[in-house]
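Please read this short report on how parts of a structure pack together.

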Amino acid sequence: MSAANIPPFERLAAIATLGTRRAPLPKESPWPDESLAPAGAEPVARETCLLRAAAAGAIWERAGTRAAPGAGAAPSDFPAHLAQPLDESAGWRLARILGGEHTHLLIEWFEAAAATGRSLPPHWLPMVLNSVATEVRAGFGSVLGPAAAWLAERNPRWLVVAADTDIADERWQEGSLDERRVLLAAIRKRDRARSLAWLRSTWETDAPEAREAFLTILAEEVGPDDESFLEFALDDKRKAVRVAAADLLARLPESGHARRVLARLESLIELEAPHGGILGKLRKRKLRVDLPAAPDKAAQRDGIEAKPPASRKIGERAFWLAQMLAMVPPAHWCRRFDCDAPTLLDAALATDYAIELLSAFTEATIRHPQDEWSQALARIWLESSQEMPAVITAIHDLAKSVPHAQRVVLIEQQLRDTKPANADYFSHMLDVIELRWNAAITKFALDNLANLVAHSKENWSRPRNSLDAWARRCDIGVGMQRATALLEKYGEGHHWRNALEQFNDIVAFRAAMHKELLK
Amino acid sequence: MGEWSTQRVEQMAPDGAAVKAAQSVARPAKWRGLGCTDRLAWGECQGSGKDPYQVRVDLIDVNFKCSCPSRKLPCKHTLGLLLLFADGKSVPPGTPPTFVEEWSANRAKRAETKQKKEADPAASAPDPEAKAKRVEKRENRIGAGLEQLETWITDIVAQGLAATRAQPPAFWAQMAARLVDSQAAGLANRVQMLGDRALSSARWQPELLRGLGELQMLIDAYRNLEALPPALAAEVRQMIGWSQAQDELRERTGVRDVWQVIGRRQAQDQKLRVQYTWLRGSRGGQQALVLEFAAGPVPLPVSYTLGQMVDAEMVYFDGCPSLRALEKLRHGVEPRRLAFVDATDIAGMQGAYSAALAANPWLGKSPAVLGPVQPVIDAGRLFLRDATGRRIAVPESFAQQWSLLALAGADALQLFGEWDGFEFDPLTIECRGAWYTPAQIAALPVLSKVA
């Protein structure tokens, strides 16, 4: 480029940067147009001359600035606008949650939004794509609507897997761990064979934490078609991967793994045959339990560990038995001994290994959930003389293993059968179990709370701390009603006042949230 | 009264915490004597004090008063009352009680006295001789200040911009302070801003040279003030630091029109918060900019809401172009209108800007209604493109780029915003018959539909 082609302003900027003491003014005119040069002006300092010409040059540029024409035609492929999107107020509420207000309600917002079958107006999407975790978004594609995929195509930072578009193998090979988890979960819903092919294609080079993460996704809906891959993962270098693979295989009752475990276990357990006659029916059947020998290499490969963890107070041999028992569907024993769950459990409790067997059956039921067993086990735990944390953990895990609707039934059933003395256990349990309470559970919990407020004298107590969680889980109608009553009863200055107000705020926030989603 | 929605009330709140506080107040159980008319809404709210707080709101002029001591305005009681009003059920029609009546009557009376006072020319005439003396003294000081400034910028160019950039912030602050002493506050601000940009901008070279060139031009212009057209001369005097007395201004005859509020923006100017409100006369098509200021914890006034149609007389400050104005007298408020009229395409806007730049070479941001345009993303930057294919950039600091793109989809937009010759900064967006403004919820940039 010759000097004459450089815009005058740029040339002046180059001179000014060095300073006129070092760089002389050019011979050619510094003015953007010759007609601007002051005619017959009195002599001025070089610097002043440069500044005047620079000012003129700057205006010259600004008056005519135009961006170079470029690509970017009107996007004709933008998805058609939705007939009835969610109301603006729903977007505002979501923004407030994402901005830090009651952040725990994010999933509830999305679930309720998904239930309406409607999507967000597209102008809220960039906020969601920027601030909501990829996995949450992937679970609620319908709330985002088709515009999200359109936007993600234009912004490489966003990953949106649309239900109707194909996912190229390259994306699996090149994505970040976070993205690949989402992609794997998405492809598994559509084409399980391809999801396994993907896994095998990169397994050797995937980092251990990636392998571990991918197995978690297989756990969603593990099936017989996963068996050969999981068998292969049993020989993984990382222990966590081997443990996860064994756990998943144990969930497949028809798998080779399940048959191998059962073969080792079958002869060690025997339930006495039912006694004849009327009196015989009343007599309890006895359970005979033999402890196994140390697990060999093959058993260890199947996930049976030789040494119990230091935290567990259990004998080595009992531990070997418990691990195997925990892998087998409990329904197997009912079939084999022709009995129901309470009968078998009663018999187990009468043995020398009562608590070990109870824990093992609980673990087995968590792996292979079945209503009869969950109910029976929850009852036994509640009535056992075990310490509260152990009881609560067991029931928590049992509840967690079943879908939400069944979880509600399980908890409500226990609640109905429970003795008043166990009420305290229950309020503890409700703190930890993730559950959307129905009206009955809410009533029970809030009655309990009212009772507690009426009798508490201390400034601090545990239930006060868990009130936030209760407010997030309770039935909104009942919650609002009870909260109002409590607030009326305990005015300003009462030591529960702040906690109750906070409870009320959260419930009111939820009520407003649901109302807006239905607008 | 369907104009009052929950969202509109939330948008009035000074921040998110205020919204939250207002929601806890917005329960009928906390109130006594709720009522409303076509113009007013009121109620008494039990707060932590002994007596309930008396809250009253003028729904048309958007004015309010609460007897609580809060300095954050509108307070949670005012917002709470409006939230209740917005839900359409909790505030029944009624006759205003005394405290509302009195307030409303007082406001009307105050407006009247103000009007009378303005109509009375024989207020206080200052001693013209003393004033002339003061003016002369100041002119001398400014003259000396200009000399110093010219020497200083000449020296910068001689030493080189690169050497100047290495100077500490005090280098700029000292020159600015000397200009303040010379009573040329406008110049002082320019020097300070130039220093900030020199230290922070990636394009510091051309920006610094441009700023210095503008200063040189300003020095030249002030020395030849008589030779300039009157409007430009007034503009130059203001840029130096002469301010125009608002009392004098109010005596002028203004322009009466029904003004549509088409854009709002807030900015932090050193210690002051400034609220920019853009108006457009629905009959005359003239534009006006009203500036309102607040310092420290004092809230900005809520004199205008977006889309509002204000029947008022506006007086303009001198300027080139004449844009900044004061509201002299308000005659009333008409129902809101959320639609732009006469938008221009990009060439039209640039043509008008060039003409204005020819009249005032220091012209900065200039308002324009642009449309129909299509937002497009190219290499990560947002552009606006009109039907002729011409396109202009949106500043990278505009945080709602993607929201704007998603809002438009395949449709075209009309935008009101500020054009500085390089970039167009949108303040109000019209899309499919609704208005949106860039907003922040917590720290999240969003587009908020004007409800």
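At roughly what angle do the axes of helix H20 and helix H22 of chain A cross? Roughly 40°, and the axes come within 9 Å. H20 spans residues 341–349 of chain A and H22 spans residues 371–383. The angle makes H20(A) oblique to H22(A). (Under 35 degrees is roughly parallel, over 145 roughly antiparallel, 65 to 115 roughly perpendicular, and the rest oblique.) Helices here are DSSP runs of H or I with at least four residues, numbered from the N terminus. Axes are lines fitted to C-alpha atoms over the stretch in contact, and angles run from 0 to 180 degrees between N-to-C directions.

Ala341(A), Pro342(A) and Leu345(A) of H20(A) meet Glu372(A), Trp373(A), Ala376(A) and Ile380(A) of H22(A). Contact means C-beta atoms, placed from the backbone, within 7 Å. By class, this contact has 6 nonpolar, no polar and 1 charged residues. (Ala, Val, Leu, Ile, Met, Phe, Trp, Tyr, Cys and Pro are nonpolar; Asp, Glu, Lys and Arg are charged; the others, Gly among them, are polar.)

## Where the chains touch

Chain B and chain A give 54 residues each to their contact. On the side of chain B, helix H9 (residues 204–223) gives the most, with 9 residues. That side has 29 nonpolar, 17 polar and 8 charged residues.

## Domains of chain B

Chain B has domain 1 (6–117), domain 2 (135–240), domain 3 (246–334) and domain 4 (346–449). The bounds come from an automatic or database domain assignment. In chain B, 5 residues of domain 2 are in contact with 4 residues of domain 3.

## About the model

The model is predicted: local features need pLDDT of at least 70, side-chain atom pairs count only at pLDDT 80 or more, and totals for chains, interfaces and linings use all residues. Residues are numbered from 1 along each chain as its sequence is written, while chains are lettered from A and ligands numbered from 1 in the order in which they are written.

Conventions: Helices (H or I, at least four residues) and strands (E, at least two) are DSSP runs, numbered from the N terminus. Two residues are in contact if their C-beta atoms, placed from the backbone, lie within 7 Å.
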